[in-house]
Amino acid sequence: SSTAKPLPGYANWKDADSMIVHSANTIETRRTAFGNSVITPTDRLFVRNNVAPPTDASMMKEPDSWTLEVSGVAKPRSFTVAELKTLGLAAVPMVLQCSGNGRAWFPHKPSGTQWTVGAAGCVIFTGVPVKALLEAVGGMADGMVYMTSTGGEPIPQGLDPNLIRVERSVPISAVEDAILAWELNGQSLPLAHGGPLRIIVPGYTGVNSIKYIKHLAFTKEQSPAKIQQTSYRWTPVGEKPSPSQDSIWELPVKSWINFPSDPDQTVTAGRVQISGIAMGGMSAAKSIEVSVDGGKEWQKAEFVGPDLGKYAWREFVFSADLAAGTHELACRATNEAGDSQPEARRENNRGYINNSWRDHMVSVKVA
Ligand code: MSS
């Protein structure tokens, strides 16, 4: 509907003008609200919850006493956040992006939130490296294959926990760069983004970074939870999801233009600074091209601003002379691994991981 929904209570501190409230559990950043300063301000960062966030206010009163259980290690035990803070410290600039970002462009209209570009942000999480935690518990137990994180949402009585529990497994190679975070962009991690404690798996889609984590387990099998077994799979369109299909884990190379992108705005003819963001996924963004004719001809654009490492996005700019008329602006990123953004999305039933440059193209009116 055209009536704007209000921000839900747990996220009412967000900058309302910068957000699109799809529902109480799904809040998107407007394409025109990213700015050009690399880091997405926390009050403009998207929110996505698979189930309603915990409402127990006491959780955030003493965040340092939140406890994390650690298992599948030589010496299983639990840690308070205060104890975790003694083990190590790392700050990770990274793109947090929902698996379903870009779903709105899938022609078969997958169910789920119709995100365009705003279920993503580039932020800095700070916490303890999972590797440092592993040292403190004598290392992983033998034969473990996955790192499995469990969210702290209460499970209502009488319901099958596996249907509700937000629990995700990622390959243990992800341990290398993963952290347990209590800080976001220089402030205590708010509940809306997973406070008091959240696992951060850089390079992986958002769903793999479990909020209000209460259990970190090294496991031989993937979690039996539905969110692991059948949701978030590369399911062919029209087919049933199954654990035999690949899991939605790593992010691919992707970019999009943020300015100009407002369909209601008319740009003045002449010199225009076209700007946007480019990310590499599992390796750094290496280069970025822009097309002002719908993808027929491409020219190299420039990265601007700081390079915050391989998991962060880069700001880019392209100076163009645009005559009066309508222009189709597109961009296409390439990463250090040599992958370039494809023209076509990879079709899948739930509309995950759309990095098609054509879908992200903007039509701009110039007068
Ligand atoms: N966690 C938990 N615990 N819960 C829930 O629900 N969700 C997911 C993640 N984590 C969840 C979690 C998702 S899905 C996402 S994206 C992310 O988170 C988001 O984040 P923020 O902070 O933004 O809200 Mo898709 O792939």
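A cavity, in the sense used here, is a set of grid points where a 1.4 Å probe fits but cannot get out, worked out from the protein atoms alone. A molecule sits in a cavity if more than half of its atoms lie within 2 Å of its grid points. Keep in mind as you look around that this is a predicted model.

**Stop 1: the ligand**

Select the ligand: the space it takes is the largest cavity. Now show the residues around the ligand, 22 in total, of which Asn-50, Cys-98, Ser-99, Glu-153 and Lys-211 come nearest.

For Glu-153, an N or O atom of the side chain is 2.6 Å from a nitrogen atom of the ligand. Next, pick Ser-209, where a backbone N or O atom lies 3.0 Å from a ligand nitrogen.

**Stop 2: Asn-258**

Move on to strand β14, residues 254-259, and select Asn-258 within it. Is Asn-258 buried or exposed? Its relative accessibility is 7%, so Asn-258 counts as buried, the cut-off being under 20%. Show side chains here to see the one of Asn-258 make a polar contact with that of Trp-256, at 2.9 Å. Beyond its neighbours within four places in sequence, Asn-258 is in contact with Arg-31, Phe-34, Ser-275, Gly-276 and Ile-277.

**Stop 3: two cis peptide bonds**

Most peptide bonds are trans. Zoom in on Phe-259 and Pro-260, however, and you will find a cis bond between them, with omega about -10°. Pro-260 lies in the loop between β14 and β15. Then go to Gly-195 and Pro-196, also joined by a cis peptide bond, with omega about 5°. Pro-196 is in the loop between β11 and β12.

**Stop 4: two positive phi angles**

Most residues other than glycine have a negative phi. Select Lys-109, in the loop between β6 and β7: its phi is positive, about 55°. Lys-109 counts as exposed, because its relative accessibility is 58% and the cut-off is over 50%.

Finish at Asn-185, in the loop between β10 and β11. Phi of Asn-185 is positive too, near 50°, and this residue is partly exposed, with a relative accessible area of 21%.

Methods
Residues are numbered from 1 along each chain as its sequence is written. This is a predicted model: local features need pLDDT of at least 70, side-chain atom pairs count only at pLDDT 80 or more; totals for chains, interfaces and linings use all residues. Side-chain values use heavy atoms; hydrogens and water are left out. A residue is near a molecule or strand if one of its heavy atoms lies within 4 Å of it. A polar contact is a pair of N or O atoms within 3.5 Å; within protein, one must be able to donate a hydrogen and the other to accept it, and residues adjacent in sequence count only if both atoms are side-chain atoms. On a 1 Å grid over the protein atoms alone, a cavity is a set of points where a 1.4 Å probe fits but cannot get out, and a pocket is an open set with protein on both sides within 12 Å along at least five of seven lines; lining residues have an atom within 4 Å of a point. Helices (H or I, at least four residues) and strands (E, at least two) are DSSP runs, numbered from the N terminus. Buried means under 20% relative accessible area, exposed over 50%, partly exposed in between (1.4 Å probe, protein chains only). Contact means heavy atoms within 4.5 Å.
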